[in-house]
Amino acid sequence: MKIFAFYIPFGYSYISRFKSLYKFVSWIVIYMIPTLYFFLCQSSFMDVGNYISYVWALLLIYTLYEVGYIQNDFETIKKESNPTVRFSKEMLEYYNTHKVRIYLFRLFLGVLFSYLLYCSFDGEVVYFLISVWSLLLIYQLYNRIRSRLNLYLHFGLVLIRYCSYFLLFVPHVNGWLLGVAIIGFPVINFLERASEQRFHIEKMKKLIPNRNKIPKFRVQYYFIMSICSIFFILNGISAYCFIPIWGYFCFRFIILRSEKFKDRVIYG
């Protein structure tokens, strides 16, 4: 049944990146809820049509984003001496036999969701479509390069995945919401990746010297951002702009505390 994940949006992400209900729920909290919030803040929470437009945009992004996942998992590994193999031999054989069909179907879905978004959204979509379709080009570079440049290409991919929705509202983009969207996930994701040993950035490695400290780093990061948000609110910026930051902080704090509680139960 896993072969259907090659064709179904989110299916491939689920079996290759989420892999569990817990990680899928985390994705909803970290990605889907905030991006939907940003989208509706700039349109309307009361218009059902906006929810439909968001769904088409979401499906388009992940339909194309997962093309990069598939290429990375089944093409890039052929060029690596010690690759990370995510799937069984049967999945690899299916891919090698049907990869043209897989990519053509994904492109068909991309065109379909682009058209449905164009028909349903009452606004300019061309900037958004250019941004999202550029994911395919960026992934071509990302999956072929193995250097520090990957760090910045990945940041671009994440930035498009999280913030391309704002391009639907050009030129009336809420700058504060956009700023919160960028620091809410793309920036902290960049910092975490930049601190990895393989990139050899000494100053960044000191930021998170131990990978086991990432949950604590995330709580500290969002705590600082939450404190900063209070300063901006006191200076007249609307509080609703910072709700996603507070949500991230609460979620990461709960995760950190639950892990400590689990460790006490198991090892205490």
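The following legends describe close-up views of a predicted model. Residues are numbered from 1 along each chain as its sequence is written, and side-chain values use heavy atoms, without hydrogens or water. Local features need pLDDT of at least 70 and side-chain atom pairs count only at pLDDT 80 or more, whereas totals for chains, interfaces and linings use all residues.

**View 1. Helix 1 crosses helix 2.** The axes of helix 1 (residues 11–18) and helix 2 (residues 21–41) come within 9 Å and cross at roughly 115 degrees. The contact (heavy atoms within 4.5 Å) involves Tyr14, Arg17 and Phe18 from helix 1, together with Leu21, Lys23, Phe24 and Trp27 from helix 2. Helices are DSSP runs (H or I, at least four residues), numbered from the N terminus. Axes are lines fitted to C-alpha atoms over the stretch in contact, with angles from 0 to 180 degrees between N-to-C directions.

**View 2. Aspartate 73 and arginine 17 form a salt bridge.** The N to O distance is 2.7 Å; a salt bridge is a side-chain nitrogen of Lys or Arg within 4 Å of a carboxyl oxygen of Asp or Glu. Because aspartate 73 belongs to helix 3 (residues 48–74) and arginine 17 to helix 1, the pair ties together parts that are 56 residues apart in sequence. Aspartate 73 is buried, at 4% relative accessible area, while arginine 17 is partly exposed, at 22%. Buried means under 20% relative accessible area, exposed over 50%, and partly exposed in between (1.4 Å probe, protein chains only).

**View 3. Arginine 106 pairs with glutamate 66 in a salt bridge.** The closest N and O atoms are 2.6 Å apart. Arginine 106 lies in helix 4 and glutamate 66 in helix 3, 40 residues apart. Both residues, arginine 106 and glutamate 66, are buried.

**View 4. Leucine 117 is buried in the model.** Leucine 117 is located in helix 4 (residues 89–120) and has a relative accessible area of 0%. Not counting residues up to four places away in sequence, leucine 117 touches Ser53, Trp56, Ala57, Val125, Phe128, Leu129 and Leu168.

**View 5. Arginine 218 and glutamate 192 form a salt bridge.** Their closest N and O atoms are 2.7 Å apart. This pair links arginine 218 in helix 10 with glutamate 192 in helix 8 (residues 186–194), 26 residues apart. Arginine 218 is partly exposed, at 21% relative accessible area, whereas glutamate 192 is buried, at 8%.

Definitions and conventions:
Helices (H or I, at least four residues) and strands (E, at least two) are DSSP runs, numbered from the N terminus. A crossing is left-handed if the near helix is turned anticlockwise from the far one by less than a right angle, and right-handed if clockwise.
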